[in-house]
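My entries follow in the order in which I looked.

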Amino acid sequence: MQHLRLDGDPVLREAAAPVVQFDASLTALIADLFATMYAAKGRGLAAPQVGVSQRVFVIDTTWKDAAPHPVAFVNPEIIAAASVLRQGPEGCLSIPDRTFNVLRPVWVDLGWTSPAGIGQTARFDGISAVCVCHELDHLNGVLITDSGTEI
């Protein structure tokens, strides 16, 4: 389990590098991201939040209320997004004890590579779309303080 990087840490403002090697170190990073996310009681966590500037994030939007559904994303990119936006509250493990209203598309189509190196695509909506967009922002050096209004 890694130490979470907090707002002000320069790694959170960097554009993360693409993953080029799908090996044991990637598998270990993903396992560590999940362990850190669950320990911090989060729903998503990006590699820069643990000091690793690589385009990797994990989410599990259901584990707090239902059966866990962990998903790891390597080199993710939004393929399409809804033109309809919804504003809602978001927290961030790197910005503890603060909440921001952020505008997000109501759905996104995402392309990514699985940890095994297999290309994937899926549509995410609701809390999953919010989480995917939030974590993808981390990979681009963007925080909710940049686009949200504190509540």
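**Entry 1**

I began with strands β2 (residues 56-59) and β3 (residues 71-81), which run antiparallel and are joined by 4 bridges. I keep in mind throughout that this is a predicted model. Within this pair I found valine 58 standing opposite alanine 72 of β3.

Widening the view, I read the strand order as β1-β2-β3-β6-β7, an open sheet of 5 strands with antiparallel pairing. The edges are taken by β1 (44-46) and β7 (119-125), and each has a single partner strand, so one side of each is left without a neighbour in the sheet. From one strand to the next the twist averages 40°.

Next I looked for helices on this sheet. Helix α1 (residues 24-39) packs on it and touches β1, β2 and β3, with a direction that makes about 40° with that of β2. Helix α2 also packs on this sheet, touching β1, β2, β3, β6 (107-113) and β7, and its direction makes about 155° with that of β2.

**Entry 2: the β6-β7 hairpin**

I then followed β6 into β7, which run antiparallel and are joined by 7 bridges. In this pairing, glycine 111 has threonine 121 of β7 as its bridge partner. The two strands form a hairpin with 5 residues between them, and in the turn glycine 117 has a positive phi of about 90°.

Setting aside neighbours within four places in sequence, I list Phe22, Val74 and Gln120 as the residues in contact with serine 114.

**Entry 3: alanine 72**

I returned to alanine 72, which lies in strand β3. Its relative accessible area is 11%, so alanine 72 is buried, the cut-off being under 20%. Which residues does alanine 72 touch, not counting those up to four places away in sequence? They are Ile30, Phe34, Phe57, Val58, Trp112 and Pro115. Of these, Val58 is the residue noted above as standing opposite alanine 72.

I also checked the separation between alanine 72 and alanine 46, which are 26 residues apart along the chain, and their C-alpha atoms are separated by 9.8 Å.

**Entry 4: the three-stranded sheet**

I turned to another open sheet, in which 3 strands take the order β4-β5-β8 with antiparallel pairing. The edge strands here are β4 and β8 (149-150), each of which pairs on one side only. Strand β5 is joined to β8 by 2 bridges, and the two run antiparallel. Asparagine 101 has threonine 149 of β8 as its bridge partner. Helix α2 packs on this sheet, touching β4 and β5, and its direction makes about 110° with that of β5.

**Entry 5: the pockets**

Last, I asked where open space is left. How much space lies in the largest pocket? I note about 270 Å³. The lining of the largest pocket consists of 17 residues, and those nearest its centre are Arg43, Gly44, Gly91, Cys92 and Cys131. At least two lining residues come from each of β4 (85-92) and α2 (127-139), and α2 gives the largest share, 5 residues. By type, I count the lining of the largest pocket as 6 nonpolar, 6 polar and 5 charged residues.

The second largest pocket holds about 160 Å³ of space. I list its lining as Arg86, Gln87, Gly88, Pro89, Glu90, Val102, Arg104, Pro105, Val106, Gly126, Ile127 and Val130. Two or more of these residues come from each of β4, β5 (95-105) and α2, and β4 gives the largest share, 5 residues. The lining of the second largest pocket divides into 6 nonpolar, 3 polar and 3 charged residues.

Notes: Residues numbered from 1 in each chain as written. Predicted model: local features only at pLDDT ≥ 70, side-chain atom pairs only at ≥ 80, totals over all residues. Heavy atoms only, no water. 1 Å grid on protein atoms, 1.4 Å probe; cavity = no way out; pocket = protein on both sides within 12 Å on 5 of 7 lines; lining within 4 Å. Points joined across faces, edges and corners; volume = space filled by probe spheres on them. Nonpolar A, V, L, I, M, F, W, Y, C, P; charged D, E, K, R; others polar. Pairing = 2+ DSSP bridges. Axes fitted to C-alpha atoms, helices over the stretch in contact; angles between N-to-C directions. Contact = heavy atoms within 4.5 Å. Buried < 20%, exposed > 50% of the residue type's maximum accessible area, 1.4 Å probe, protein only.
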